[in-house]
Amino acid sequence: MSKQTLISVCILIIFLTGVLFLTFNSENIFKRTLPIVTTVRLELRSFENNSSNKATAIPSDVINDGYVFTVEKIYYNGEYQNAAKKTRLTTGAERDGYTEVISGIDRRSVIISGYYELNDGDIVFIRS
């Protein structure tokens, strides 16, 4: 076997090894490129003194111009993924760092960290 043929075979083996590596690790590579977010499930709180009436409450600091990001499942690349959904809120009273939610979302999970660079529909990785 000539030196040139040997070099070509070595380059081919290195190339195919790289292709196999990327093929078997593509899902892990994809997940590592996703924005990492933290979510919290909304809770019920009282916004009036000495009242038993409770309303859905959201941390005030995650509301940005009347919008928050929630998480929804979407079908993407052949499987269900978590996606950020920009959701408009109607809010009410504010108390102790929480804001009353009048309408827009129910008690589902809201993204409370990692939302600064998100766009509506972005696939996200939820930190446990």
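Helices here are DSSP runs of H or I with at least four residues, numbered from the N terminus. Glutamine 4 has its place in one of these, helix 1. The model is a predicted one.

**Helix 1 and its surface**

Helix 1 covers residues 3-32 and includes valine 9. Two of its residues can be set side by side. Glutamine 4 has a relative accessible area of 64%, so it is exposed, the cut-off being over 50%. Valine 9 reaches 35%, so it counts as partly exposed.

Valine 9 also belongs to a nonpolar surface patch.

How far apart are the C-alpha atoms of glutamine 4 and aspartate 61? They are separated by 64 Å. Along the chain, the two residues are 57 positions apart.

**The largest pocket**

Rolling a probe the size of a water molecule over the atoms shows where empty space is left. The largest pocket has a volume of about 170 Å³. Its lining includes Val62, Asn64, Asp65, Tyr67, Val68 and Phe69. Lys86, Tyr115, Tyr116 and Leu118 also line the pocket.

**Salt bridges**

Side chains of opposite charge can pair when their charged atoms come close. The count here is two salt bridges, with a limit of 4 Å between nitrogen and carboxyl oxygen. Both are listed below.

| Salt bridge | N to O distance |
|---|---|
| Glutamate 43 and arginine 45 | 2.9 Å |
| Arginine 95 and aspartate 96 | 3.9 Å |

How exposed are the partners? Glutamate 43 is at 31% relative accessibility, so it counts as partly exposed. Arginine 45, its partner in the bridge, is at 26% and is therefore partly exposed too.

In the other bridge, arginine 95 pairs with aspartate 96. Arginine 95 has a relative accessible area of 29%, which means it is partly exposed. Aspartate 96 is at 63% and therefore counts as exposed.

**In brief**

Key:
Residues are numbered from 1 along each chain as its sequence is written. This is a predicted model: local features need pLDDT of at least 70, side-chain atom pairs count only at pLDDT 80 or more; totals for chains, interfaces and linings use all residues. Side-chain values use heavy atoms; hydrogens and water are left out. Patches are made of residues with over 30% relative accessible area and no salt bridge: like charges are joined within 9 Å, nonpolar side chains (Val, Leu, Ile, Met, Phe, Trp, Tyr) within 5 Å. Accessible areas come from the Shrake-Rupley method with a 1.4 Å probe; for residues, only the protein chains shown count as cover. A salt bridge is a side-chain nitrogen of Lys or Arg within 4 Å of a carboxyl oxygen of Asp or Glu. Helices (H or I, at least four residues) and strands (E, at least two) are DSSP runs, numbered from the N terminus. Buried means under 20% relative accessible area, exposed over 50%, partly exposed in between (1.4 Å probe, protein chains only). On a 1 Å grid over the protein atoms alone, a cavity is a set of points where a 1.4 Å probe fits but cannot get out, and a pocket is an open set with protein on both sides within 12 Å along at least five of seven lines; lining residues have an atom within 4 Å of a point. Grid points are joined across faces, edges and corners, and a volume is the space filled by probe spheres set on the points.
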